[in-house]
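Come and look along with me.

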Amino acid sequence: MLTQERYKVILEILEEKDAVTVTELAALVGTSESSIRRDLTVLDREGRLRKVYGGATAINRTEGALEDEVNVRNEHMAAEKELIGEYAAGLINNDDFVYVDSGTTTARLIDHIGPTKATFVTNGIIHAQKLLSKGFRAYMIGGRIKPVTASVVGAEGIRNLLKMNFTKAFMGANGIDITAGFTTPDSEEAMMKEKAIEKSFAVFVLADHSKFRKVYPVTFAELRKCCIITDRLPYSGFNDKTIIREVTS
């Protein structure tokens, strides 16, 4: 196999596995470990992977702090969000005290909730309107309104959350990464998410497959703290860190 072909295969393997040893690569590529080490050195210098002791890791896709407007994000992966929201709605029981985080996928959850005696708390303005229109017992977290996500954030919102104890929380996330965990662009929003998770018995992050291997500026939880509900898992390694529920049509 030519050198450039080996590079291509190595990068494809890392795209799938996220991290791999020299021994594994040698077996998969069909060459010697010394050749693999030289290849990793070159690819590391080129910034195409990160060479570590005994192997290599993929370079995570790092995102910036800017966020799309709600109406733009609402159309992205719409069918996948519907599947995830419908599945998550089936996890709600009559005696639940539920936190619903702001976000376009968590909003789909509300659309699929059937008649229930559960009580809901949310920091999403759109979410509060949906809950109200369906006649559910619901509370809105108070605080500063963040226009781009139509959500409530800030110190007052955190003080509200500290008084509550949820049986279940359904959270949104901008990025999910094995090392960085669950991430979001905004520090105030991250603090709201972090506190909601701390005050919840069971936590579910609702995220379509495009969120995986993306890293945003602020981590709000480690993978092990939340179960992930997604339409499909595009990369290996994540199910070693937490529970993944893949929803199919």
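**Entry: ground rules**

I am working with a predicted model, where local features need pLDDT of at least 70, side-chain atom pairs count only at pLDDT 80 or more, and totals for chains, interfaces and linings use all residues. I number residues from 1 along each chain as its sequence is written, and side-chain values use heavy atoms, with hydrogens and water left out.

**Entry: aromatic pairs**

I looked up the rings of Phe, Tyr and Trp (its six-membered ring), which pair if their centres lie within 6.5 Å; planes under 30 degrees apart count as stacked, over 60 as edge-to-face and the rest as tilted. By that rule I get 6 aromatic pairs. One of them is stacked: Phe97 and Phe166 sit 5.0 Å apart, centre to centre, with 25° between their planes. This pair links distant parts of the chain, with Phe97 in strand S5 (residues 97-100) and Phe166 in strand S10 (residues 166-171), 69 residues apart. My strands (E, at least two residues) and helices (H or I, at least four) are DSSP runs, numbered from the N terminus.

Phe97 counts as partly exposed because its relative accessibility is 23%, while Phe166 counts as buried because its value is 3%.

Next I turned to Phe212 and Phe238, an edge-to-face pair with 5.1 Å between centres and 85° between planes. Here too the pair links distant parts of the chain: Phe212 is in the loop between strand S13 (200-206) and strand S14 (214-215), Phe238 in the loop between strand S16 (227-230) and strand S17 (244-246), and they are 26 residues apart. Phe212 is buried at 3% relative accessible area, and Phe238 is buried at 0%.

I also noted a cluster: ring pairs link Phe97, Tyr99 and Phe166.

**Entry: helix H9**

Which residues of H9 are buried? I listed Glu189, Ala190, Met192, Lys193, Ala196 and Ile197. They lie on the same side of H9, because they cover an arc of only 160° around the axis; the arc is that of the directions from the helix axis to the C-beta atoms.

At the start of H9, I found a side-chain oxygen of Asp186 within 3.0 Å of the backbone nitrogen of Glu188.

Lys193 also lies over the face of Phe220, 5.3 Å from the ring centre. A charge sits over a ring if NZ of Lys or CZ of Arg is within 6 Å of the ring centre and within 35 degrees of the ring normal.

**Entry: salt bridges**

How many salt bridges does the structure hold? I count 13, taking a salt bridge as a side-chain nitrogen of Lys or Arg within 4 Å of a carboxyl oxygen of Asp or Glu.

Asp111 and Lys130 meet through their side chains at 2.7 Å, N to O, in a salt bridge. This pair links distant parts of the chain: Asp111 is in helix H6 (residues 104-111) and Lys130 in helix H7 (residues 125-133), 19 residues apart. Asp111 counts as partly exposed at 38% relative accessibility, and Lys130 counts as partly exposed at 23%.

Arg159 and Glu156 form a salt bridge at 2.8 Å, N to O. Both lie in helix H8 (residues 155-162), 3 residues apart, about one turn of the helix. I jotted down a reminder: an α-helix has 3.6 residues a turn, so residues three or four places apart point the same way. Arg159 counts as partly exposed at 46% relative accessibility, and Glu156 is partly exposed at 38% relative accessible area.

About one helical turn separates Lys195 and Glu198, because they are 3 residues apart in helix H9. Lys195 is partly exposed at 25% relative accessible area, and Glu198 counts as partly exposed at 46% relative accessibility. I then found a network, in which salt bridges that share partners join Lys146, Asp186 and Glu189.

**Entry: Pro147**

Where does Pro147 lie? I found Pro147 in the loop between strand S8 (144-146) and strand S9 (151-153). Pro147 counts as exposed, because its relative accessibility is 66%. Pro147 and Ile125 are 22 residues apart in sequence, and their C-alpha atoms are 9.7 Å apart in space.

Note on methods
Buried < 20%, exposed > 50% of the residue type's maximum accessible area, 1.4 Å probe, protein only. Polar contact = N/O pair within 3.5 Å; in protein donor to acceptor, adjacent residues only side chain to side chain.
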